[in-house]
Amino acid sequence: MQSAQLVEIREQMLKFARLQLRDETVAEDIVQEALLSAVKNIENFQRQSALKTWVFAILKNKIIDYLRQKDRFVVESDLVDDDNDNSFFDQHGHWKAEYSPENLPESAVYSDEFWLVFETCLTHLPAKQSRVFMMREYLDYSAQDICQEVDITSSNLHILLYRARLQLQHCLTHKLH
């Protein structure tokens with residue numbers, strides 16, 4: 001791995017950690033812990049996914065562990081959004097099987113272009129929309145946990161997620177075609 005690639009991954013990890021933790025110092029610490037863990041366990045990396053995906057999985061687990069320690073993490077419950085007519089997501093707000101990143105060809109999911117476009121689209125969302133979307137879709141937070149963490153109502157959460165999904169769908173559709 002080249003140092004430039006590591007610097008780029010670290011910057012993306014910091015951006016994600018800052019968004020979720022809302023604390024610069026804690027975000028730096030968690031990212032450092034995740035990178036240290038990756039270096040210590042590099043022999044366990046089986047190359048079944050991209051290195052960036054593997055390191056981000058470690059980061060995700062470190063963030064969840066941190067939030068559990070702070071008594072902010074509750075058992076997951078499903079988010080239901082009856083108004084969701086978004087073609088990428090089902091009635092529960094989860095990826096439809098045919099659009100799920102897990103079911104896309106590996107070349108599409110791990111292509112630098114896709115993730116660059118996705119990150120660009122995510123960056124252009126309003127901060128609160130981006131944060132709740134990542135909490136729900138990437139960290140698997142329950143609706144109740146997100147509402148408590150961000151201090152919003154359930155109705156407001158549904159609206160934020162709906163708008164985030166629509167804007168991401170629109171952005172991805174136009175930038176990838």
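Mentor: Buried means under 20% relative accessible area, exposed over 50%, and partly exposed in between, with a 1.4 Å probe and protein chains only. This is a predicted model, where local features need pLDDT of at least 70, side-chain atom pairs count only at pLDDT 80 or more, and totals for chains, interfaces and linings use all residues. Numbering runs from 1 along each chain as its sequence is written, and side-chain values use heavy atoms, leaving out hydrogens and water.

Trainee: Okay, what makes Cys-171 count as buried?

Mentor: Cys-171 has 15% relative accessibility, so it falls under the 20% limit and is buried. Cys-121 is buried too, at 3%.

Trainee: How do you know that a disulfide joins Cys-121 to Cys-171?

Mentor: The cut-off is a pair of cysteine sulfur atoms within 2.5 Å. Here S to S is 1.9 Å, so the pair qualifies. By this rule the count comes to one disulfide.

Trainee: And why is the disulfide of Cys-121 and Cys-171 called left-handed?

Mentor: The torsion about the S-S bond is about -80°, so left-handed it is.

Trainee: Which helices hold the two cysteines?

Mentor: Cys-121 lies in helix α5 (residues 112–123) and Cys-171 in helix α8 (residues 154–176), so the pair ties together parts 50 residues apart in sequence. Helices here are DSSP runs of H or I, at least four residues, numbered from the N terminus.

Trainee: Why are α2 and α3 called oblique?

Mentor: Angles under 35 degrees are roughly parallel, over 145 roughly antiparallel, 65 to 115 roughly perpendicular, and the rest oblique. The axes of α2 (residues 24–40) and α3 (residues 51–69) cross at roughly 130°, and therefore the two are oblique to each other.

How values were computed. Axes fitted to C-alpha atoms, helices over the stretch in contact; angles between N-to-C directions.
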